[in-house]
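Subject: Structure handover

Dear colleague,

Here is the structure I said I would pass on. My notes on it follow below.

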Amino acid sequence: MSVFDVEQLVLDMRVVQLPLRTRFRGVTEREIALFPGPFGWGEFGPFLEYASAESSRWLASAIEAAHVGWPEPVRGSVQVNATVPAVAAAEVAGLLARYDGTRTAKVKVAEPGQRLSDDLDRVAAVREAMGPDARIRVDANGGWSVEQATDALGRLAAYGLEYAEQPCATVEELRDLRITLARNGIDVPVAADESIRKAEDPLRVARLEAADVIVVKVAPLGGVRRALDVVAETGLPAVVSSALDSSVGIRAGLALAAALPRLDHACGLATLGLFDGDVATESLVPQGGSIPLRSVEPDPELLDRWAAPDHRRAWWADRVRAAYALLPHFVHR
């Protein structure tokens with residue numbers, strides 16, 4: 001990508017606040033910036049607490065989408081999973097009903113303030129609602145110690161888990177957990193998420209044999225091409241997931257999933273069910289358990305409807321400038 005004027009990027013930027021159906025990551029609305037470009041729209045949505053260095057990778061991804069374009073796909077649609085937040089078991093069936101035809105569910109566990117019994121009840125409700133042939137994975141967001149994860153996964157394994165996503169916080173803990181699970185005869189594969197997308201060196205997961213699967217997100221890794229490189233270099237099966245994106249960001253995730261040479265697992269790209277609004281009239285949601293590849297063009301009326309107030313747009317403009325200052329010079333690839 002050729003160097004260009006960041007002020008033009010800011011001038012073209014739209015900032016929106018999209019309402020969420022359920023509190024997620026402690027928020028009830030998702031605030032993101034969107035940029036148009038010759039190749040479409042890019043989404044810049046690092047969470048509000050992220051510093052400029054981490055945010056710069058998200059900006060690189062948005063610039064790639066709008067001003068560079070993505071590699072050619074090798075598949076025309078991507079199977080996706082349902083996402084079940086840390087809700088009461090009684091709410092599970094209603095949540096799952098929003099996902100058309102999905103046969104895989106990711107269930108949030110290890111929520112602060114909840115007990116393991118809450119996790120067990122939630123996963124049991126998912127298994128009951130989806131039946132014996134569905135795949136269920138749990139996501140602890142690094143919330144357990146090795147000892148807690150061993151205990152929890154030993155109990156949750158009764159529900160037939162596809163894998164446990166980021167059960168512990170550090171790469172070393174993930175490595176130790178894999179060893180402990182094997183020694184205890186607990187057959188639950190380990191997936192690394194935060195240890196990939198938030199790490200300075202995402203390849204440590206593979207070097208330390210800390211995971212069986214990696215979860216990759218386009219924006220936190222700096223774009224589709226960078227994410228493809230990470231997957232290739234780890235040599236591990238990959239699951240593509242979203243970062244609580246609008247349809248614009250979901251389209252970037254689909255570009256990655258569609259370009260992967262190997263895709264054995266349903267991807268976490270059906271997260272628009274968590275929103276009560278979107279920037280596209282026809283949201284990228286599952287059809288029969290998959291999302292087909294197609295272009296996404298934000299609707300001007302929806303951009304206006306969900307527009308953030310002027311002071312928030314100014315905040316995002318400063319954020320873009322700070323993140324851009326930390327980017328390397330881009331060249332076409």
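A word on terms before the notes: buried means under 20% relative accessible area, exposed means over 50%, and partly exposed covers what lies in between, with a 1.4 Å probe and protein chains only. This is a predicted model, in which local features need pLDDT of at least 70 and side-chain atom pairs count only at pLDDT 80 or more, while totals for chains, interfaces and linings use all residues. Residues are numbered from 1 along each chain as its sequence is written, and side-chain values use heavy atoms, with hydrogens and water left out.

Sheet

Helices (H or I, at least four residues) and strands (E, at least two) are DSSP runs, numbered from the N terminus. Two strands pair if DSSP finds at least two bridges between them. Seven strands form an open sheet with parallel pairing, in the order β5-β6-β7-β8-β9-β10-β11. At its edges stand β5 (82-84) and β11 (238-240); each has a single partner strand, so one side of each is left without a neighbour in the sheet. On average, neighbouring strands of this sheet are turned by 25 degrees against each other, direction ignored. Axes here are lines fitted to C-alpha atoms, for helices over the stretch in contact, and angles run from 0 to 180 degrees between N-to-C directions.

Strands β7 (residues 135-139) and β8 (residues 161-165) run parallel and are joined by three bridges. Val 138 is opposite Ala 164 in β8, and Asp 139 is opposite Glu 165 in β8. Five of the five residues of β8 are buried, so β8 is largely enclosed by the rest of the structure.

Cores

A nonpolar core is a set of buried Ala, Val, Leu, Ile, Met, Phe, Trp, Tyr and Cys residues joined through side-chain atoms within 4.5 Å. The largest one has 111 residues, and Phe 44, Leu 59, Leu 153 and Leu 269 have the most contacts inside it. Helix α11 (residues 247-259) gives the most to this core, with eight residues. A second, separate core has five residues, including Tyr 163, Ala 191, Val 215 and Val 239.

Contact means heavy atoms within 4.5 Å. Not counting residues up to four places away in sequence, Leu 153 touches Val 138, Trp 144, Leu 161, Ala 164, Pro 167, Leu 177, Leu 181, Ile 186 and Val 188.

Helix pair

Helix α5 (residues 146-156) packs on helix α6 (residues 171-183) at an angle of about 40 degrees, with the axes 10 Å apart. That makes α5 oblique to α6; angles under 35 degrees count as roughly parallel, over 145 as roughly antiparallel, 65 to 115 as roughly perpendicular and the rest as oblique. From α5, Val 146, Ala 149, Thr 150 and Leu 153 meet Glu 173, Asp 176, Leu 177, Thr 180 and Leu 181 in α6.

Single residues

Ser 247 is in helix α11 and counts as buried at 0% relative accessibility. Leaving aside neighbours within four places in sequence, Ser 247 is in contact with Leu 272, Asp 278, Ala 280, Ser 283, Leu 284 and Val 296.

Leu 244 lies in the loop between β11 and α11. Phi of Leu 244 is near 60 degrees, a positive value in a residue other than glycine, and Leu 244 counts as buried at 5% relative accessibility. Glu 209, in the loop between α8 (204-207) and β10 (213-216), has a phi near 50 degrees, also positive in a residue other than glycine. Glu 209 is exposed, with a relative accessible area of 56%.

Regards
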